[in-house]
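Thanks for coming, everyone. Please put the sequence and the structure up on the screen, and I will walk you through them.

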Amino acid sequence: AQKVTQAQTEISVVEKEDVTLDCVYETRDTTYYLFWYKQPPSGELVFLIRRNSFDEQNEISGRYSWNFQKSTSSFNFTITASQVVDSAVYFCALLTGTASKLTFGTGTRLQVTL
Amino acid sequence: GAVVSQHPSWVICKSGTSVKIECRSLDFQATTMFWYRQFPKQSLMLMATSNEGSKATYEQGVEKDKFLINHASLTLSTLTVTSAHPEDSSFYICSAPGGASSGNTIYFGEGSWLTVV
């Protein structure tokens, strides 16, 4: 069975602080994809990144960076110099097998204040 | 780029009535679509897999007679909440895989907020 754990339910930071959102996953599959989505209050899911299980390279996109560690089954997400607009719920998700259905973590609510 | 569109974005219905939510792939074909439900401050839970031309596959605990799914064409899946009750009030969102040509991207609709009064 697949499982995604986001242990941090809610995080509050002050603008310009760096923040890391944790994601730990479980799967017996050797081929899988990991995702991060942002969900603002309006509800839509904003795709941030997809990483396949064979690509452990860390990635940086502007203020966003991702650290994929297969050895610890983690796919953590760091926002550098956070901004108020980063306030949202962030979901980590796992996709395995040939189907395209995602297993989502419980989400981390990030609150960035001035 | 490829887009999945959901309609309506918001719907309020009376208890006991039925409401239909549409999920359309706008410039690609989707033989499979997925329906998720999200209660306030909770995660997204997969309800069912919608299969074009055949019956939907429901996740454990989801009542198939209550949540009717129809995938009559390669670009449209509909979710009908029948005899809606206040406990069905939730955020419903669909997704569709874009396929190899999209780099196996999964596209999500904008979501539909259902309130049953």
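Let me begin with a term: two strands pair if DSSP finds at least two bridges between them. Strands themselves are DSSP runs of E, at least two residues long, numbered from the N terminus. With that, look at chain B. Strand 7 and strand 8 (residues 76-81) of chain B pair in the antiparallel sense, over five bridges. Within that pairing, N70(B) stands opposite T78(B) of strand 8.

Before going on, two notes on what you see. This is a predicted model, where local features need pLDDT of at least 70 and side-chain atom pairs count only at pLDDT 80 or more, while totals for chains, interfaces and linings use all residues. Residues are numbered from 1 along each chain as its sequence is written, chains are lettered from A and ligands numbered from 1 in the order in which they are written, and side-chain values use heavy atoms, with hydrogens and water left out.

Back to chain B. An open sheet of four strands runs in the order 1-3-8-7, with antiparallel pairing. Which strands stand at the edges? They are strand 1 (4-7) and strand 7 (67-73) of chain B; each has a single partner strand, so one side of each is left without a neighbour in the sheet. From one strand to the next, the twist averages 15°, with axes as lines fitted to C-alpha atoms and angles running from 0 to 180 degrees between N-to-C directions. As a reminder, side chains in a regular strand alternate between the two faces of the sheet.

One more stop in chain B. H7(B) and P8(B) are joined by a cis peptide bond, with omega about 0°. P8(B) sits in the loop between strand 1 and strand 2 (10-13) of chain B.

Now chain A. Strand 7 (residues 59-61) and strand 8 (residues 64-69) of chain A pair antiparallel over three bridges. S61(A) stands opposite Y64(A) there. These two strands form a hairpin with two residues between them, and G62(A) in the turn has a positive phi of about 65°.

Strand 8 of chain A also pairs with strand 9 of chain A, antiparallel, over six bridges. S65(A) has T78(A) as its bridge partner in strand 9. This hairpin has four residues between its strands, and S73(A) in the turn has a positive phi of about 50°.

Next, A81(A). Its phi is near 50°, a positive value in a residue other than glycine. A81(A) lies in the loop between strand 9 (74-79) and strand 10 of chain A.

Last, where the chains meet. How many residues does each chain bring to the contact? Chain A brings 19 residues and chain B brings 20, with contact meaning heavy atoms within 4.5 Å. The rule finds one salt bridge across this interface: a side-chain nitrogen of Lys or Arg within 4 Å of a carboxyl oxygen of Asp or Glu. K101(A) and E59(B) make that bridge, at 3.4 Å, N to O. On the side of chain A that touches chain B, strand 5 (32-39), strand 10 (88-96) and strand 11 (102-104) of chain A each give two or more residues. Strand 5 of chain A gives the most, with four residues.
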